[in-house]
Amino acid sequence: MQDINTFRAPKIELEQYPTGPEIASRMLFTIQSVHDEFEGQTVVDLGCGTGMLGIGAALLGSSHVIGVDIDSDALETAQGNLESFEDVQMELLQCDIMKLERQPRLQADTVITNPPFGTRRKGADLDFLRAAFRISRGAVYSLHKSSTRAHVQRVAERELSAAAAEVIAQLRYDLPASYAFHRERSKDIEVDLWRFEVPPHR
């Protein structure tokens, strides 16, 4: 996965930071080894960027992978990445996650997402979580800053009526300097990999 290209010109308004191969591999390995929710499953990579997580899910046996992103430049890079993997089948869809109701046929067994952390637009991370709950028939895996753990738990349980909500791994996100205002070469951020079970009664 080291050969997967990241953003050529990341957009700060979208909080575009690369999901590096190390943290992506740890996320995917944890999901596969603990819950086995890729093999033969339909998976949506929500906010797929350049396709790192979706390609990984396909390599782990997902039968159908759909990458969703609002940014055409990111999807162009994702398409180029897909062409480097001859056996990987992944469909790409350009869509704003706030308008997914216009895509009623978009459904998945499992949704994976590395959402914006909400530093540019407050609540962006939870908007992704809400969107993931709308399209998943089973599980949602989402990465959030550890400092927001209590708030994420409340939203999942009280607003989204999650059948289960648990942190299955604590990871460190090595956030590389990507924009002119960054003064450090990288910043280490503590993040939680959450697993949510979508309620069956929706």
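**Figure 1. Parallel pairing of strands S2 and S3.** In this predicted model, strand S2 (residues 64–69) pairs with strand S3 (residues 90–94) in the parallel sense over 5 bridges. Pairing requires that DSSP find at least two bridges between the strands. Between S2 and S3 the chain passes through helix H3 (residues 72–82), and this β-α-β crossover is right-handed. Right-handed denotes a path from the first strand over the helix to the second that runs clockwise when the strands point away from the viewer. Aspartate 69 stands opposite glutamine 94 in S3. Helices (H or I, at least four residues) and strands (E, at least two) are DSSP runs numbered from the N terminus. Residues are numbered from 1 along each chain as its sequence is written, and side-chain values use heavy atoms, with hydrogens and water left out. As the model is predicted, local features need pLDDT of at least 70 and side-chain atom pairs count only at pLDDT 80 or more, whereas totals for chains, interfaces and linings use all residues.

Figure 2. Threonine 42 is placed in strand S1 (residues 42–46). Its relative accessibility is 16%, so threonine 42 counts as buried; the classes are buried under 20% relative accessible area, exposed over 50% and partly exposed in between (1.4 Å probe, protein chains only). Leaving aside neighbours within four places in sequence, threonine 42 is in contact with Ser63, His64, Gln107, Ala108, Asp109, Thr110 and Arg137. Contact means heavy atoms within 4.5 Å.

**Figure 3. Aromatic residues.** The structure holds 2 aromatic pairs. The ring centres of tryptophan 194 and phenylalanine 196 are 5.3 Å apart and their planes lie at 5°, so this pair is stacked. Rings of Phe, Tyr and Trp (its six-membered ring) pair if their centres lie within 6.5 Å; planes under 30 degrees apart count as stacked, over 60 as edge-to-face and the rest as tilted. Both tryptophan 194 and phenylalanine 196 are buried. Together with Phe133, Trp194 and Phe196 form one aromatic cluster.

**Figure 4. Nonpolar cores.** The largest nonpolar core has 31 residues, of which Ile112, Leu143, Leu171, Tyr173, Val191 and Leu193 touch the most other members. At least two residues of this core come from each of helix H1 (21–35), helix H2 (52–59), H3, strand S5 (136–145), strand S6 (164–176) and strand S7 (186–197). A second, separate core of 27 residues includes Phe133, Ala165, Trp194 and Phe196. A nonpolar core is a set of buried Ala, Val, Leu, Ile, Met, Phe, Trp, Tyr and Cys residues joined through side-chain atoms within 4.5 Å. In soluble globular proteins, nonpolar side chains tend to be buried together. For leucine 193, contacts beyond four places in sequence are Met27, Thr30, Ile31, Tyr141, Ser142, Leu143, Glu166, Val167, Ile168, Ala169 and Leu171.

**Figure 5. Salt bridge between glutamate 37 and arginine 195.** A search of the whole structure finds 7 salt bridges, each defined by a side-chain nitrogen of Lys or Arg within 4 Å of a carboxyl oxygen of Asp or Glu. One of them joins the side chains of glutamate 37 and arginine 195 (3.0 Å, N to O). Glutamate 37 lies in the loop between H1 and S1 and arginine 195 in strand S7, so the pair ties together parts that are 158 residues apart in sequence. Glutamate 37 counts as buried at 15% relative accessibility, and arginine 195 counts as buried at 7%.

**Figure 6. Further salt bridges.** The side chains of arginine 130 and aspartate 127 meet in a salt bridge (3.1 Å, N to O). Both residues lie in helix H4 (residues 124–135), 3 residues apart, about one turn of the helix. Arginine 130 is partly exposed at 24% relative accessibility, whereas aspartate 127 is buried with a relative accessible area of 13%. Glutamate 190 forms a salt bridge with arginine 172, with the closest N and O atoms 3.1 Å apart. Because glutamate 190 lies in strand S7 and arginine 172 in strand S6, this pair ties together parts that are 18 residues apart in sequence. Glutamate 190 is partly exposed at 46% relative accessibility, and arginine 172 is partly exposed with a relative accessible area of 46%. Salt bridges that share partners join Glu37, Arg195 and Glu197 into one network.

Figure 7. Proline 199 lies in the segment after S7 and counts as buried at 5% relative accessibility. Not counting residues up to four places away in sequence, proline 199 touches Phe133, Leu160, Ser161, Ala162 and Ala163. The C-alpha atoms of proline 199 and glycine 138, 61 residues apart along the chain, are separated by 8.0 Å.
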